Amino acid sequence: MAISKFKATCLAVLERVRRTGRPVLITRFGEPVAEVIPPTPKERPEGWIGSMESTGKITGDIISPVLEDSGWEALAE
């Protein structure tokens, strides 16, 4: 692809490379000057489910209510 055409359609060319995964060679006066290639795919950790295990911390009583019975009545008003 000529550099002048690339300059005029840069965003469309980048989108095409992303969508198709095929590189585009940019030329100037018929000589290659650059190549637009798709990025390498992101790697997901294999064991991402459960990866936060043992990172939480319980502070205080998790069974008792936060407020006393009288506190609930004050919130209702």
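A surface patch is made of residues with over 30% relative accessible area and no salt bridge, where like charges are joined within 9 Å and nonpolar side chains (Val, Leu, Ile, Met, Phe, Trp, Tyr) within 5 Å. By that rule, I58, I62 and I63 form a nonpolar patch on the surface, with about 390 Å² of accessible area together. This is a predicted model, in which local features need pLDDT of at least 70 and side-chain atom pairs count only at pLDDT 80 or more, while totals for chains, interfaces and linings use all residues. Residues are numbered from 1 along each chain as its sequence is written, and side-chain values use heavy atoms, with hydrogens and water left out.

**Overall layout**

- The chain holds 3 helices and 2 strands; helices (H or I, at least four residues) and strands (E, at least two) are DSSP runs, numbered from the N terminus.
- Read from the N terminus on, the order of the elements is α-α-β-β-α.
- Of the 77 residues in the chain, 9% are buried; buried means under 20% relative accessible area, exposed means over 50%, and partly exposed lies in between (1.4 Å probe, protein chains only).

**The strand pair**

- β1 and strand β2 (residues 31-36) pair in the antiparallel sense over 5 bridges; two strands count as paired if DSSP finds at least two bridges between them.
- I26 has A34 in β2 as its bridge partner, and L25 stands opposite E35 in β2.
- The hairpin of β1 and β2 has 2 residues between the strands, and F29 is found in this loop.

**Positive phi angles**

- F29 is not a glycine, yet its phi is positive, at about 55 degrees.
- Most residues other than glycine have a negative phi.
- F29 counts as exposed, because its relative accessibility is 79%.
- S54 is another residue other than glycine with a positive phi, near 70 degrees.
- S54 lies in the loop between β2 and α3 (69-76), and S54 is exposed, with a relative accessible area of 73%.

**The salt bridge**

- The structure holds 1 salt bridge, a term that stands for a side-chain nitrogen of Lys or Arg within 4 Å of a carboxyl oxygen of Asp or Glu.
- R18 forms the salt bridge with E15, and the closest N and O atoms are 2.4 Å apart.
- R18 and E15 are separated by about one helical turn, because they are 3 residues apart in helix α2.
- R18 is exposed at a relative accessible area of 55%, whereas E15 is partly exposed at 33% relative accessibility.

**Surface patches**

- K5, R16, R19 and R22 gather in a patch of positive charge on the surface.
- Lys and Arg count as positive and Asp and Glu as negative, while His and the chain ends are not counted.
- The place of a charge is taken as NZ of Lys, CZ of Arg, CG of Asp or CD of Glu.
- R22, one of the patch residues, sits in the loop between α2 (10-20) and β1 (24-28).
- R22 is exposed, with 62% relative accessible area.
- In the nonpolar patch, I63 is one of the members; its place is in the loop between β2 and α3.
- I63 counts as exposed, because its relative accessibility is 74%.
- Accessible areas come from the Shrake-Rupley method with a 1.4 Å probe, and for residues only the protein chains shown count as cover.
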